[in-house]
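Reader: I would like to go through this structure by question and answer. Please keep to what can be computed from it.

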Amino acid sequence: MSQPLTTRPTVAGISIFHFRRPPPLCAFLFVIVLIVATFYTFHHPEASPSLFSPNPHNALRLRRLFLSSGSNATISSYLRALTRRPHLAGTKPSLDTLNYVLNHFQSHGLETHVAEYEALLSYPAHISVTARFSNMTTVEFDLNEPVVYDIPEDDSFSSSQVVRPYHAYSPSGSAQGNVVFVNHGEERDYRALDSIGVSVRNCVVLARKGDSLGRGAIVKIAETKGALGVLIYAENDGGGLGGIERGTVMRGIGDPVSPGWPGVVGGEKLSLEDDRVTRRFPKIPSLPLSLHNAEIILASLGGAKAPVEWRNSGRVGSGQRVGPGRTVINMTYQGEMKMKKINNVIATIRGSEEADRYVILGNHRDAWTYGAVDPNSGTSALLDISRRFSLLLNSGWRPRRTILLCSWDAEEFGMIGSTEWVEENIVNLGASAVAYLNVDCAVQGSGFFAGATPQLDGLLVDALKLVQDPDAAGLTVEETFKSQNNIIQRLSRVDSDFSGFLHHAGIPSIDMYYGADYPVYHTAFDCYDWMIRNADPLFHRHVAMAGIWGLLGIFLADEPLIPFDYTSYAEQLQAHRDALSKLLEGKVSVDPLSVAIQEFSLVAKEASDEAKKLKKQAYSKNDVAAAAKRRELNDRMILAERGFLDSEGIKGKEWFKHLVYGPAAEPESKLGFFPGIADAISMNSSEGMIEHEVWRVARAVQRASKALRGGFT
C-alpha cells in the first residue's frame with residue numbers, strides 16, 4: 001500500500017501533495033491480520049487454510065483488500081514511464097512499452113507470454129497542402145503541430161519524434177481542385193448541397209469531423225460523389241493549442257492482408273493487389289488539417305451560402321459559403337505500406353476450480369503520439385490491477401476461473417492486435433470465454449461512462465456501488481452516475497478492442513471510461529503533462545477506474561454462479577422491438593421478432609429462478625450434484641450471447657456476425673441496434689428484404705433462447 005502522503009513533481013518543479021484517504025479501520029485491521037496470517041502460512045503451509053477460501057464473508061474481505069490497495073502515485077509513475085516517448089505501433093519506441101508491460105507482469109510473478117503477429121501498417125513519407133486564393137496568392141500550410149509543453153529535463157517533446165499528422169492507409173497521390181465544404185461529410189450533407197445546386201465532382205472536399213461518422217466513412221462517401229481528395233479537420237483542436245487529429249481511414253478492422261484469419265508470423269498473406277485488400281482502402285487521398293488552416297480556407301470560399309441546417313452549428317455562421325469558388329487546393333500524400341511485427345502481451349492467472357473458463361481484461365498499448373489518455377491511462381490502470389492481483393495471490397487468493405490481462409498492439413490502425421488474437425483463438429473463445437472487459441481511455445475527464453451487453457448491467461452497477469467517487473466526497477460512483485442521468489450504452493460502435501470479442505465472437509462485453517471526450521484526441525498534446533494539468537491531476541479517477549475494472553474481473557472470476565442477468569437482456573430486446581415497430585409504422589411486420597423475444601423472456605426468467613435456487617448451495621464443497629448444476633447453468637449463460645451471431649454476418653460487412661449489436665452502414669440510421677435491419681431501412685431496401693432481416697434477428701433470438709435453456713428440440 002502507498003503512504004498516506006505522496007509527492008510528484010510538476011513541470012515547473014513544484015511538488016503536488018496528495019493526501020490519500022486512509023482506509024477504513026476495519027480494512028486497516030484486516031491488512032494487519034493478513035500480514036500475520038500470510039507470514040504464518042508461508043512458514044506453516046500445512047497448518048493454515050487460505051484466508052480467501054470460498055465463502056461470502058471472505059469474498060467481501062477480498063474486495064475490500066483489492067480496493068484499499070489502490071495507489072494513485074503508483075499509477076502516475078506507470079503513466080509517466082509509458083509516455084516518455086511517442087510509441088506508434090511498428091516503430092522502435094513501441095518496443096519500449098512492450099518490454100515495460102512485459103517486465104511489469106513478470107515482476108509480479110504472473111505467467112506471461114507475447115503473441116506475435118505480422119500486419120500491414122501505413123506510415124507517411126511526404127505530406128503537403130497548398131492553397132491558391134482568388135487574389136492569386138499561394139500559401140503552403142504548415143502541417144506540424146506547435147510545441148506547447150516545455151520539459152527541460154526530458155527531450156520527449158522533440159517534434160521530430162512525433163509522426164506528422166496523416167491518415168493511415170490513405171493512398172499515395174496528389175489531388176488538385178476547387179474546394180467545397182461538406183459539413184460532416186454525411187449523405188444528408190451531400191443531399192443538402194444538391195438542393196442548392198452544389199456538386200463536389202472533381203473538387204477537393206473539406207469536412208469537419210463530427211460524432212457520427214468516422215474518417216474512413218467520410219472519405220468513402222466523398223469518393224462515391226466524385227471528389228478528388230479530402231481534408232478533414234476537428235473543431236476541438238486541443239483547446240486552442242493547434243492540435244491535428246491523426247487516424248486511420250481503413251475500412252473494417254484487423255490486418256488487411258489476412259482478412260478473416262490470424263496474421264501469424266509466416267502465415268498466409270494476400271498481395272496488395274488482391275481485391276479483398278484494395279477494397280479496404282480509399283481510392284482518393286485524404287489528410288487531416290488543423291482548425292486554423294481550415295478556417296483560412298473556409299473564409300476564402302465563394303459560391304452558395306451554407307444550407308440553413310448547417311448554420312450556427314459549430315463555427316459555421318449564417319454567412320458561410322461552401323464553394324466551389326476560386327480557391328484551389330493542391331494536396332499531396334506519399335505513404336509507405338510496411339509489414340510490421342506487432343506484439344500482444346498476455347498475463348494469465350490460472351483458475352483454481354474452472355481453469356478452462358476465462359475472464360478477459362484488455363487495453364491497447366500503442367498510440368499515435370504519447371498516448372497519455374489514449375490508451376495509456378488504461379494501460380496504467382491495467383498494470384495497477386495486475387499489481388493488486390499479485391498482492392491477493394501472495395495472500396492466498398486464487399480465482400475460481402482463469403483471468404487474462406491483455407495488452408493489445410496496433411489498435412490505432414484498426415483494432416489489429418486484438419482482432420488477430422480473436423481470430424486465432426476463435427474456437428476456444430467461443431467455448432470458454434466468460435466476458436471481455438475493455439478499457440481504452442481510462443481517463444479523459446470527469447464523469448463515468450460505460451457501454452455493455454445487457455446481461456452485465458446489474459453487475460456493473462454492483463461494482464459502481466463499491467467504489468468511492470473520485471470527485472464527490474461521501475458518494476459512490478453509482479450514486480453520481482445515477483444523479484447525472486447517465487445510462488449504460490449499448491456496444492454497436494466499432495471504435496475499440498471490444499469489437500472483435502462481441503461483434504465477431506459473441507462474448508459479453510463492457511467498455512468503460514471517465515470523461516465524455518477530450519480536446520487533445522490523437523494529437524501531439526495527448527501527453528503526461530496534459531493529463532496532470534487537465535484530466536486527472538491527482539490520479540484519483542485512475543484509481544477509481546482500476547477499482548471498478550478489477551472488481552468486475554473478480555466478480556466474474558470468483559462468483560460460483562456467473563452473475564449474468566438475461567432478464568435485463570430480454571427487457572432491452574423488447575425496447576428495441578418497440579422502437580423498430582414505431583419506425584416501420586406497420587409497413588413490415590415485426591411479429592416474428594415479437595414471438596422470439598417473448599420466448600427469450602420466459603427462458604431468461606427460468607434461468608434467473610434456477611440461479612436463485614442454486615445460490616443457496618453456492619459455497620458448498622461437498623454437494624457434487626449442486627456443483628454440476630451450477631457448471632451446467634454457467635455454460636448455458638456463457639453460450640447464450642453466441643446465439644445472436646449469424647454465420648452469414650451483416651450484409652456487406654460479413655465479418656461482423658452479431659445481429660443485435662453491430663455497425664450500421666448509415667450514420668443517420670435511427671437504430672443503434674439490429675444492424676442488418678437498420679441497413680436495409682437506411683438503404684431503402686424492399687419491404688421483402690427488410691422482412692428477411694427481421695426474420696434473421698428473430699432466428700438469432702431463438703438460438704439464444706435455446707442456448708440459455710439447454711438441451712435439444
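Author: A disulfide is a pair of cysteine sulfur atoms within 2.5 Å. The model discussed here is predicted.

Reader: How many disulfides does a search of the whole structure find?

Author: The cut-off for a pair of cysteine sulfur atoms is 2.5 Å. Searched as a whole against that rule, the structure has a disulfide count of zero.

Reader: Is Cys-406 buried or exposed?

Author: A residue counts as buried under 20% relative accessible area. Cys-406 has a relative accessible area of 0%, so the label for Cys-406 is buried. Cys-527, at 1% relative accessibility, also counts as buried.

Reader: How many helices and strands are there in the protein, and what share of its residues is buried?

Author: The protein has 21 helices and 16 strands. Its accessible surface comes to about 28200 Å², with 53% of that belonging to carbon and sulfur atoms. Of the 713 residues, the buried share is 58%.

Reader: What is the mean pLDDT of the protein, and where does pLDDT stay under 50?

Author: The mean pLDDT is 90, and 90% of the residues reach 70 or more. One stretch under 50 is residues 1-49, for which the model has 62 contacts beyond four places in sequence. Another, with 18 such contacts, is residues 150-157.

Reader: What percentage of the contacts with a separation of 6 or more comes from residues 24 or more positions apart?

Author: A contact here means heavy atoms within 4.5 Å. Among contacts in the protein with a separation of 6 or more, the share from residues 24 or more positions apart is 78%.

Reader: How many salt bridges does the count come to, and which side chain meets Arg-63 in one?

Author: Side chains of opposite charge can pair when their charged atoms come close. The count comes to 40 salt bridges. In one of them, at 2.6 Å from N to O, Arg-63 meets the side chain of Glu-559.

Reader: Why does the pair of Glu-559 and Arg-63 tie together parts of the chain?

Author: Arg-63 is buried, with a relative accessible area of 16%. Arg-63 sits in helix α2 (residues 56-68), while Glu-559 is in the loop between α16 (540-558) and α17 (566-584), so the pair joins parts whose separation in sequence is 496 residues.

Reader: Which side chain meets Arg-246 in a salt bridge, and how many residues apart are the two?

Author: The side chain of Glu-145 meets Arg-246 at 2.6 Å, N to O. Arg-246 is in the loop between β8 (229-233) and β9, and Glu-145 in the loop between β4 (138-140) and β5 (167-168), a separation of 101 residues. Both Arg-246 and Glu-145 are buried.

Reader: Are Arg-493 and Asp-495 buried or partly exposed?

Author: The side chains of Arg-493 and Asp-495 form a salt bridge at 2.7 Å, N to O. Relative accessibility is 26% for Arg-493 and 40% for Asp-495.

Reader: Which residues are linked in a network of salt bridges?

Author: Each link needs a side-chain nitrogen of Lys or Arg within 4 Å of a carboxyl oxygen of Asp or Glu. The network holds Glu-354, Asp-356, Arg-357, Arg-401, Arg-631 and Asp-635.

Reader: Where does Arg-251 lie, and with which side chain does its side chain make a polar contact?

Author: Arg-251 lies in the loop between β9 (247-248) and α7 (275-278), and at 17% relative accessibility counts as buried. Beyond four places in sequence, Arg-251 touches residues including Lys-220, Arg-279 and Phe-281. Its side chain makes a polar contact, at 3.2 Å, with the side chain of Glu-223.

Notes. Residues are numbered from 1 along each chain as its sequence is written. This is a predicted model: local features need pLDDT of at least 70, side-chain atom pairs count only at pLDDT 80 or more; totals for chains, interfaces and linings use all residues. Side-chain values use heavy atoms; hydrogens and water are left out. Helices (H or I, at least four residues) and strands (E, at least two) are DSSP runs, numbered from the N terminus. Buried means under 20% relative accessible area, exposed over 50%, partly exposed in between (1.4 Å probe, protein chains only). Accessible areas come from the Shrake-Rupley method with a 1.4 Å probe; for residues, only the protein chains shown count as cover. pLDDT is the predictor's confidence in each residue, from 0 to 100. A polar contact is a pair of N or O atoms within 3.5 Å; within protein, one must be able to donate a hydrogen and the other to accept it, and residues adjacent in sequence count only if both atoms are side-chain atoms.
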